[in-house]
Amino acid sequence: MKAIYKKEMRSYFTSMIGCVFIAFVMALLGIYFMVYNLSNGYTSFGSALSSISFIFLIAVPILTMRSFSEERHNKTDQLLLTAPVSLPRVVMGKYLAMITVFLIPMAVSCTFPLIIRHYGTVSFKLDYSCILAFYLMGCAYIAVGMFLSALTESQIIAAVSTFAVLFLLHLWDKLVKYLPTSASGSLITLIILLSLIVLLIYKVTKNWFLSGIIEAAAVIVPVVFYIVKSASFENLITNALKNLSLRTVLENFTTNNIFDIKGLVYYVSVAFVFIFLTIQSQQKRRWS
Amino acid sequence: MIEVRHLVKRYDDNLAVDDLSFTIEPGKIYGFLGPNGAGKSTTMNIMTGYLGATSGDVIVNGHNILDEPEKAKKCIGYLPEMPPLYQDMLVREYLEFVAELKGVPKTERENEVMRSMRLVRIVDMQNRLIRNLSKGYRQRVGMAQAMIGSPDTIILDEPTVGLDPKQIIEIRQLIRELAKDHTVILSSHILAEVQEVCDYIMIISKGKLVASDTPDHLEELVKGSETIEITTGADENKIKDILKEIHEIEKISYEKDKDGNTTARIDVKEGSDICEKVFFAFADSRTALRSLSTIRASLEDVFLELTKNEADDRAAVADTRVKKKEKDSTPKEETNKDESNL
């Protein structure tokens, strides 16, 4: 794992991608810091961070696009997978290298509250917890990007699909509002979502019988619940999906001044789920 | 020692490896021979743990590659068809990375990297970017990579494809040097190469092991039929007339070329040598012989016979024929390229 971590770090800085990433993040952070905090006199650095969260849409694909697709394209994955190193270690080595590169601009941004302090009063606790939340949000996004890179051989496809997925996540709150909120609408959406999951199960298991039973359950159980207590279906889907929003957590820190531990745990879990999926996707490729 | 038991690999409907079983004994050079698409690379990828088999086991020094992948992989060095090199690294940097990846202790890393570079003779190249190396040197860096960590077995997938004649000879010498300390398994679709380098040949066709033995034994399989080829100015009837006294002849086939010469292929009964008889028969009738040669059944014929049901295979064998005529070890680069494109 250490070997891969070191090699990745080195290649980020010899291939310029690491430098471009850091320069890009630093430049935008600097501009927002100047406009929000220095010119307009906001005392909290968090407000600058909350308006800059779109930065991930561009910066994360730059960082993650090559992580696995390049190895596959150059067939160097043959070296990694035939070396006496387990696959989770390979994936972790790469992931840690990426979040270390991301740590560099964040570490620099830790000096910003000190600069604000020079001109006025600052809540260090608030600012540094905002930076922490911002960093962990980035880590979750990087895991998503890494997973998408593991699915393809082309860096371009990896970058574009990462951008698309992050864009969707970025606008998640606003898009969820367009889903039906009425009880019957929620019921139908729920059944459609469950059916999609069943379709996925069928794709994986190729078992008609099993998927049929699950599908029947996925239709009957919600319908029964709906007949018994239709009121509980009001806003069901929107509320459930709203909770999945990654941006709300950052907003809790920056705008609502809440130290949202639950949210931080959520970021870390998202990162772990996607690291796990990356390992699984690599593993699966060997068997197909 | 590597044991492969009932290995099967299926891609959707396509059976790439079909119930393959063999054992690799330590200290020999093994050759996987087969036309393109016969399943050589797939087998090697499974043996090194890169791919998973549909069914069957690979056991390396007592460790199953699935149950104890790390222990099993430590015993194998692998050079895939395309050397797995990072273009933006220096040669030395790359080999140090591989040494660390393979878990060579920090104190020995330096020595290990130097040893491998010396053996494949790339010490002068150690501070070059891999991107700037020629194909031959890349192949050597790939070989250095495979031998780092002193694995018992080194697996080389088509190590000479795309190299020029001089490089091919050098790589072959390297393989022999490697074989002093390691068991070597190499794959090739070029018969001459396998015949020259390997102690033991396994012929694979359509994912099946069709023959496995030493080169000499394999040749003996078809030694029975011996053929004499003569070229002369005389016509078919005259040749028949001259040769009618020789009773060992089984069959003669004729071919007339545009200069008016006739080439006759004479099939002879098993175990008889009639070269001299043919010569004197022609001498007595005062007919000039332009050429007389004995064609002994070679490995090519074994290969042909074992894989003859497939049109693809014929093409591959025809290719190796071309190769042989070009004086075995010094084939021209063009034919080489053709082969890799087949």
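## Interface between the chains

In this predicted model, 18 residues of chain A are in contact with 20 residues of chain B. On the side of chain A that touches chain B, helix H1 (2–14), helix H6 (77–82) and helix H16 (261–287) each contribute at least two residues. The largest share, 5 residues, is supplied by H1(A). Sorted by class, this side of chain A comprises 8 nonpolar, 7 polar and 3 charged residues.

## Chain A

The secondary structure of chain A consists of 16 helices and 0 strands. Its C-alpha atoms occupy a box of roughly 65 × 50 × 25 Å along the principal axes. Chain A has 288 residues, of which 34% count as buried. Among contacts in chain A with a separation of 6 or more, 79% are between residues 24 or more positions apart.

In soluble globular proteins, nonpolar side chains tend to be buried together. Here the largest nonpolar core has 133 residues, and A:Ala140 and A:Ala143 are those with the most contacts inside it. Helix H9 of chain A, residues 124–150, gives the most to this core, with 15 residues.

Leaving aside residues up to four places away in sequence, A:Ala143 touches A:Tyr95, A:Val270, A:Ala271, A:Phe274 and A:Ile275.

## Domains of chain B

The domain assignment of chain B gives two entries: domain 1 spans 2–213, and domain 2 spans 226–295. The C-alpha centres of domain 1 of chain B and domain 2 of chain B are 47 Å apart.

## The open sheet of chain B

In chain B, 4 strands form an open sheet with antiparallel pairing, in the order E2-E1-E4-E5. Strand E2 (14–24) and strand E5 (63–64) of chain B stand at the edges; each has a single partner strand, so one side of each is left without a neighbour in the sheet.

Strand E1 of chain B, residues 2–11, runs antiparallel to E2(B) and is joined to it by 7 bridges. Helix H1 of chain B, residues 40–47, lies across E1, E2 and strand E4 (55–60) of chain B. The direction of this helix is at about 120° to E1(B).

Key. Residues numbered from 1 in each chain as written. Chains lettered and ligands numbered in written order. Predicted model: local features only at pLDDT ≥ 70, side-chain atom pairs only at ≥ 80, totals over all residues. Domains from an automatic or database assignment. Contact = placed C-beta atoms within 7 Å. Nonpolar A, V, L, I, M, F, W, Y, C, P; charged D, E, K, R; others polar. Core = buried A, V, L, I, M, F, W, Y, C linked by C-beta atoms within 7 Å. Buried ≥ 20, exposed ≤ 12 C-beta atoms within 10 Å, placed from the backbone. Pairing = 2+ DSSP bridges. Axes fitted to C-alpha atoms, helices over the stretch in contact; angles between N-to-C directions.
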